[in-house]
Structures are given as C-alpha cells and as structure tokens.
Amino acid sequence: MGNDAGGLWLAIAQTQSVLELLYAITPHKDTISDRNVGKTIQMPKHRRSEKKPIEQYDHKEASRANNPPVGLVTPETDRDAGKKTYAYDPHIDPSLQFDSHRSQIENIIDDAIAAETIEDAKAALAELKKRQAPYLDWAGKAEHTSFDIPTVSLHVHERIDPRTIIEAVRKRNGNGQQMSLFEYTEENPPLREAIEFYKHPHNWSNRMVAGDSLLVMNSLLEKEGMAGKVQMIYIDPPYGIRYGSNFQPFVNRRDVKDGKDEDLTQEPEMIKAFRDTWELGIHSYLAYLRDRLLLARELLTESGSVFVQISDENVHHVQELMDEVFGVGNFVTLITFRKKTGPLGAELLPQISDYLIWYGKDISTLKFRKLYRNREVEGDSIWSLVELPDGTRRKMSPEEVGKHTLLPNGARVFRRRTLSPEGFNASATFDVEFEGKCYPPPKRTAGASWTTNEEGMKGLIKAKRVIPTRNTLDYVYFLDDFPYTELVNVWSETRGETDKHYVVQTDTSIVQRCLLMTTDPGDLVLDPTCGSGTTASVAEKWGRRWIACDTSRVAITLAKQRLMTALYDYYELAHPDEGVGSGFKYKTVPHITLKSIANNEPPATETLYDQPFMDRSRARVSGPFTVEAVPSPSVKPLSEIKETPASDESVVRSGETLRQAEWRDELFRTGIRGKGGQMVAFSRVEPLPGTRFLHADAETKDADPRRAVVSFGPEHAPMEQRQVALAITDAQRLVPKPEIIVFAAFQFDPEAAKDIDETNWPGVALLKAQMNADLLTEDLKKKRASNESFWLIGQPDVSVERITEGADVGKYRVEVLGFDYYNTKTGTIESGGTEKIAVWMLDTDYDERSIFPRQVFFPMAGAKDGWSRLAKNLKAEIDPELIEAYRGTASLPFDVGENRRVAVKIVDDRGIESLKIVEVE
C-alpha cells in the first residue's frame, strides 16, 4: 500500500461514525466500545427490563477430589499421622554467610581438573560458583534441613451456594409463587462411593479451608495430587511480632489495639500460630516462611507466579529467602505500592509503602499479561501542545494544560518526541526538506541520524506527524495515539482499602493487578493467608478458581460472609458453551506508533485484560464453594509419649502435652462451674492408665460420690468428633462404668459438640466443659480474666414449629432463642440472648454429611453490611421484606426435605460454632 493507505488507517483510528452506526443496530447497549481505537461513546439510555437473571460462572473444564464430608468421618475411615518437633538456638542474628567447607570446595576443583568432557568441567565450575555465593543464615536453619508434615484430610463442613440462599428471598409472581431462575443439581453420591475419599472426582467448587497453611498445602499435594496445578499464589504473612496487632478477635470489631487484654485473640490455633511464627523473633519467622514457600513452589505450574506482600522491616530477608527457594534467576521484580497516607507525628521519614516480592516457578515460561493504565497528562507541561479541529497547532495556556475540558471539542493534545534513534542508524543520515527549509539529522554521541529511513520520513510528513523545533524536526505524538501507559513496578495510586472487612486487609486493587498479570479465566489461585478473603473475592470477580485458607475462625467467618453476599459484573465469555475456562471477550485498542505510520502498517493491537466486555442484562453472584477444615489432633495419654517434649509443645500429631498434668491439677482445684452458681467439685482427679483417649479418673465430692472420667481436647485446636467417639469407646470398656464423662476443651468442633449432646447412654451423663483460654495465654496477658478454669456449656436453644395458619400453612419455621457463649473478657459462660450471634445457617434437609444452608442470617450486620448491598443492587429481584428476615433470628417458612432433619449452625462473634440437629416428625 502507498501513503494513502496510511492515511486511511489514521482516519479509521480517529472516526466515531462507525461507532454511531453500530449503536443504531444494537439499541440495548448504553455504551459502545470500539475494539480498534479504544474509545467509548456514551449514548442515550434506552428503557430496558429491570429484571436480571442471577447467574454464576461454571468451571466446566475443572474437577476436584471428593475429600471427606465431616459427617462421614470416623476414626476408621480417616486416620492421620504424626509430626516431629524441632528446637532452635535464638542467639545469632540473621546474616549472609559463605560456604566454609574447604574440603568440599577442593573436591569440586579436583572434579573440574579431572573432567573428561567440557560439559562435566562446566558443571563443576557452576557448582563452585554457586558455593561462592552468599546465603542467608539464621538460628536453627542448619538443624532444619528437613521437616515432616502430617498428611491429613480436609473435611468438608459446609457446602455454600449463594444462589440457593438468594432463591428464598426473591420476589414471587402474581400467583404467590417464586419464579425459579435456575436449577441447582447438588452432587450427593451413594454412601458406598461417598466414603471412598479422594477416589471419585467431583465438579469443581471453590474452597475455603480453616487450618494451618502448611497442613493444607501438604494435603493438596499428597492427598489430592495438586503439584503443578496452581497458577498464582498470593501470600500476605504477618508483618510484625506483636501478639495483638496481627489478629482480629471479633467478627464485628476492627479497632484492635495491641496491648489490651480484651483485644487479644483467644483462638487456640491463633495462639499457636503466634508462638510458632514469632516465639524466636525473626529466626522462627524465617523458618515459618521458608517451609511454606517450599510447598508453594511444588504447587505452582511451570508458568506460575508467587507474590509475597511484606513491609520494609523484613523485605530484604524475605527476598534472600525466596532466592534460595525459587532461584535467583526466577526473581521477576520488587513492586512498591502505596498503602496509606503518612502517619501523623512520625519522628523520621513517614513510611507509606509496602512491597510485593514476585518470583516465577520458571521465569522462561512465566505467564504474563501486560496491564495498562489510562495516561494521565493533565497538569503535565510536557503535554502542552494542541491541534485544533481546523488543523492549526498552538501551545496551550497554563489553564488548558491543567484542565483539558477547556479545549474546544475535537481538539487533540500532543507533545514533541525526538526523531533521533537511541543508537546510530546508518541508513538514515540524509537531510530532510520541510516547509522550505533543509534539516540535517539530529546529532547524538553515536552519530547523526534519523529514526526512520527516507520513505518513512516522507510518510510521517504526509501524515502531518512532523513539527520543526529550532534546527531539527520532532515527531508529533498525539495523546489519543495510545492513551494508555504500561503498568510498572511502582504503584503510587493505591491508597489502602477504605471499606475494610478485617483489621489487616489487603487493598483489592493490589491483588487484582497481580491476578490479571499472571492468570487467565479458569486458572487456579491459592491464598494461604486468607484474612477477610480479598484474594478469593478478586478471583471470583475475574472468573478464576480459588482456594483460600486461614488459621483464624474469625477470618474464615468474615471471608465467608463477604463471598456469600457479593455481587459481580457478568463478563462476556469467549465461548459460553465451554464455560469460563474459554476466557472473556476483551476490549482491544490500536497502538499507533511512529513505526506503523512511517511503514504504512496497521497499528498493533493491545488487549486490555482488565476491561472485558460486560453483559449488563445479567447479575452474577459467587459460585458454589465449600468450607473445609483441617481435622484437630486427638489427645493421647502420657504413657504413649516416647520422648519428653518441651512443656508448651505438642508431641507428634496426637496433640498430647505435658500441660495435661497441670490441667488435671487445675480441675481438682477449681472443679467445673455451672450456671446459677452450681458447681461440680471433685474429691480426687488422677491419671487413668490403660486408656488411650481418657486422660483422668475422678470422683465427685457429693454425699453419693459418682465416678467421672475426663477427655482433654488439644492444646491448640478444637476437640473434634473422632476423639469424642474414641473416648466413648474407651469409657465403655471401663469397670465399673463411669456415671459422668467430661469433655474439656478450649474449643469444640461443632460436629463434636453435636455428638456429645446427642449421645444417649443410659445411666451416663456426657458433659461439655469450656476451658478458660487464660490457661494458654497467661504469659501473654497482664492478668487472668477469671479464677474459674472450667465452665459447663449446653446446647443451642432452637425451636422448630409447624405453621398452622396463613399462606404458609403446613410449612415450618425455625427460631434461634439463645446459646451458651464463652465470654473471654470475664472468663465466664453466659447463656441466653442472641446478641452475640454473628451468623446462623439453616439446612432444611440435613443429610448428616455436611451442612448445605438454604437460608443464612447475619443478626449483627449493620444497615450497609450482610445482605443489604446485594438487596440494594437487585431491587427488581429481591423481596425487601423477605431479605430483611435475613438480619433476624427467625427463619422464613420452609418445607422440610426428604431427610426430615433440620440443621442449625450458629457462629458467634469469636467465630466459634455450635450445631443443633432437630428431627422433624
């Protein structure tokens, strides 16, 4: 093509008439986005139906393992293993060290000298070079050359489908019936197949897991074969060493103050996490992080990326650590991002930035999608020239430079750019005749030459892309040639999250950029530091699969609420029949360059991966996801310990501690406090030999003494149902038979509590005793909350009634009347009332496998929290009176399912769960 063709490309890139024509034949769109030039025209809004189908993305191409539903777990069907304990010496500072094994280095040199091939000699020299590189050393690293992780199953406790929950509050049609938008088919295989864990793949559903990230990642690798399956991992570890500052103890409170006893987390798992991470300061922190990075590397695909978010305090140590795990050559970049405005009253330079350390599994195959930002030039004096609609060019006034809307319609802002190449162009040393004057090529150190050849220069002049300046010519670079700028590794426009769900919440835009740069729709993302679920929410928004885990039940509760109540844009799929894995339809824009104009070429096309086309006629909610948990360890007797552990460390996976003897003494001293001043006192509490899961033999201090046996829960986890079953089995073998079995724990898994409450053993009472969390945190708190150490707790108070009149006659209604709540501030059990309920869920057809809630309630939610935002954005679909019930303690009317069994799960503001099962006749 000749120069006229080049003019045609420019004309197409600048016209809007084609867009206006497109709008005329697509009247249901509010805007038209030109995929060739990146311009959007606002058009008059046409009236359209307000009703929208509520949809989810379907990951048709993916599957997942059938890990165990918690209701099918027994001591026989799911067993776990042990772990090894390590000791560290905390008396050296982390430092860079060099390999000092002279004999090994001499052997490598000898190997190089004796090498028979060039390749062998090169390999020996490469090893020698590697040995000369410094490495990060810290206390305990030399001893921690390997580590064992228990391979445990991840138990499914809840199956959440937001569309099912929303279905109950949608508007009804004129006949009083709800208009079904979809058909949901739940996977519920036969029992024989269901108990064959990890053998039958299921359709993919996203996953939220409560538990230690090391155990979770190892389970994914060993139980589910997920090595090489994760495309991106985002890790946001705790930054500092303060006990109170990194953890949020309440669902509804984010104003955590370090040093205040009432703000300290009382979750046993979180206390252990704090000790494991920071007990030896930076030394244990580095060991904690290295172990998790090693497993992260195994999970990543060859094209995968890992991001670690960190502050300036330890960024240098963490990068050196990642050099070791991933290799120096796989370092991608260090991203600096702004987190907030500077702190008031800072003594030195205010610290307003954090960092993302980005590594690839293999940088040569790294998946990378360029992202662009709008080029912001208002106020930039470099962009101070304008071409008016009549073709004249002038300098803008200072006011116009700062505010482009002052320019007339059709004006094009531009700047000068040099026509001199970076080096020397030997084929472009000619003089150029322009507007009656001869211009020699611009001079540089390498020599005088133009960027393009003679034909290219003629093309630029014909396209009016040349402007004289002093004794040379410059290139006219219009802002609309490419009104975007490539994203770099300094993100100064991020300012921290304003709508926070959690005390240490990551800015959504930061995670979003990482995800869009390194993944495609349908790819799998892992966040082992879930927090409030930012990574999971971003992944859901952009059609990625996700797995998120956290040690804190408060974090899991907040993340679950965030995902359940979220509403997302519906992005158009590239191939709808293939699901979201086929990708999105993206906006594309031309990238007009000097080269494309000079060579009469069509401009390159750039894909804007953060701007997929939206279908505004549809609404989208989160897809189905499961809530899972690492099983708690069972506590075994001291007689089974082979080696003596440290006083505050668990022995293997059994969870046994030497504090068990302290707990027996404490139980004898204080007894068990009941309600209304009642007390269960003991005349003796002694070790119980010959049993595995009963840890004490006791006798009540009554006129008619009764024999009691005690099973203590784990030190740093809830008591779970397998220990309950095994303890009852132990008790059944005892002679004489005990009259009381006391299960004492810092927390109870809801399934374990249910089993204790529902077990009917004639002549034997099964009691739950809450242990005072001060027994775990006396060294971390200023004083104990209470002198009582054991409190009796009861079942949730739930009523189920059949409706006998009105439009819903024959249906049922559930009401939560109260539950026993352990107040960690006072160290006492408070009963009655519903003011501490953060969320409660209703399964109207409980299958004894896992909870599938049909209705979910947030009684503590404010006017703008819980379901409120979703209801506001779906006014045409949601009945305001029905969804208002989702803020209360009484359910909507429902029909009981085929199982004739109703399950109610209550979660309090500490994230502690209670489960009540009611049989419906």
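The following points concern salt bridges and the exposure of the residues that form them.

1. The structure is a predicted model. Its salt bridges number 42. The points below take up some of these individually.

2. A salt bridge joins Glu486 to Lys370, with 3.7 Å between the closest N and O atoms. Glu486 belongs to strand E22 (residues 484–486), while Lys370 sits in the loop between strand E13 (353–360) and strand E14 (372–374), so the contact ties together parts that are 116 residues apart in sequence. Glu486 is partly exposed, at a relative accessible area of 36%. Lys370 is likewise partly exposed, at 39%.

3. Glu387 and Arg393 form a salt bridge through their side chains, at an N to O distance of 2.8 Å. Glu387 has a relative accessible area of 14% and is buried, because the cut-off for that class is under 20%. Arg393, with a relative accessibility of 28%, is partly exposed.

4. Which side chain meets that of Arg618 in a salt bridge? The partner is Asp615, and the N to O distance is 3.1 Å. Asp615 counts as buried, with a relative accessibility of 16%, whereas Arg618 is partly exposed at 29%.

Definitions and conventions
Residues numbered from 1 in each chain as written. Predicted model: local features only at pLDDT ≥ 70, side-chain atom pairs only at ≥ 80, totals over all residues. Heavy atoms only, no water. Salt bridge = Lys/Arg side-chain N within 4 Å of Asp/Glu carboxyl O. Helix = DSSP H or I, 4+ residues; strand = E, 2+ residues; numbered from the N terminus. Buried < 20%, exposed > 50% of the residue type's maximum accessible area, 1.4 Å probe, protein only.
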